[in-house]
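Trainee: Could you take me through this chain slowly, feature by feature, and show me how each one is read?

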Amino acid sequence: MVRKSFLIACLALAALTVGIVMAGNETTTALDVKLSVRGMTCADCTGKVKAALEGVSGVTKAEVSLEKNEATVTYEKGKTTPEILVKAVEKAGFKCSLPKAGEKGADQS
Ligand SMILES: [Cu+2]
């Protein structure tokens with residue numbers, strides 16, 4: 001009898017934990033933003049821009065393209081803003097600006 005109630009308690013706790021984890025995932029929304037970066041001339045430059053962006057708290061991923069003069073950044077909503085990302089790139093010594101069309105960064109080539 002004691003064992004059965006213990007098992008039920010364990011199951012209830014497990015269900016509760018799963019519920020909390022799922023609720024937690026819903027609150028963190030990942031956003032993507034494309035930034036235009038100018039002044040990069042080699043792989044060393046893209047590395048610096050990438051490091052600068054990944055150093056911003058809230059950023060989960062940063063990919064920098066030398067060919068496109070562009071950085072694609074994934075960040076958690078509410079933890080940072082595209083403006084902060086631009087400033088981080090500029091602090092690293094490069095020119096950076098936001099795309100004209102909203103946060104998503106319209107696909108223009
Ligand atoms: Cu370089």
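**Reading the fold and its core**

Mentor: The chain has 3 helices and 4 strands, where helices (H or I, at least four residues) and strands (E, at least two) are DSSP runs numbered from the N terminus. Along the sequence they follow the pattern α-β-α-β-β-α-β. This is a predicted model, in which local features need pLDDT of at least 70 and side-chain atom pairs count only at pLDDT 80 or more, while totals for chains, interfaces and linings use all residues. Residues are numbered from 1 along each chain as its sequence is written.

Trainee: How many bridges join S1 to S3, and how many join S2 to S3?

Mentor: Two strands pair if DSSP finds at least two bridges between them. Here 7 bridges join S1 to S3, which run antiparallel, and Asp32 stands opposite Thr74 in S3. S2 and S3 also run antiparallel, joined by 6 bridges, and the partner of Ala62 in S3 is Val73. The hairpin of S2 and S3 has 4 residues between the strands, and Asn69 in this hairpin takes a positive phi near 55°.

Trainee: Which residues of S3 lie on its covered face, and which on its uncovered one?

Mentor: In a regular strand the side chains alternate between the two faces of the sheet. In S3 the covered face holds Ala71, Val73 and Tyr75, whereas Glu70, Thr72, Thr74 and Glu76 make up the uncovered face.

Trainee: Which residues touch the most other members of the largest nonpolar core?

Mentor: In soluble globular proteins, nonpolar side chains tend to be buried together. A nonpolar core is a set of buried Ala, Val, Leu, Ile, Met, Phe, Trp, Tyr and Cys residues joined through C-beta atoms within 7 Å. The largest one here has 18 residues, and those touching the most other members are Leu35, Val37, Val49, Leu53, Ala71 and Val89. Two or more residues each come from strand S1 (30-38), helix H2 (43-54), strand S2 (59-65), strand S3 (70-76) and helix H3 (82-91), with the largest share, 4 residues, coming from H3.

Trainee: Why does Leu35 count as buried?

Mentor: A residue is buried if 20 or more other C-beta atoms lie within 10 Å of its own, exposed if 12 or fewer, and partly exposed in between, with C-beta atoms placed from the backbone. Leu35, whose place is in strand S1, is buried because 24 other C-beta atoms lie within 10 Å. The C-alpha atoms of Leu35 and Ser97 are separated by 5.9 Å, although these residues are 62 residues apart along the chain.
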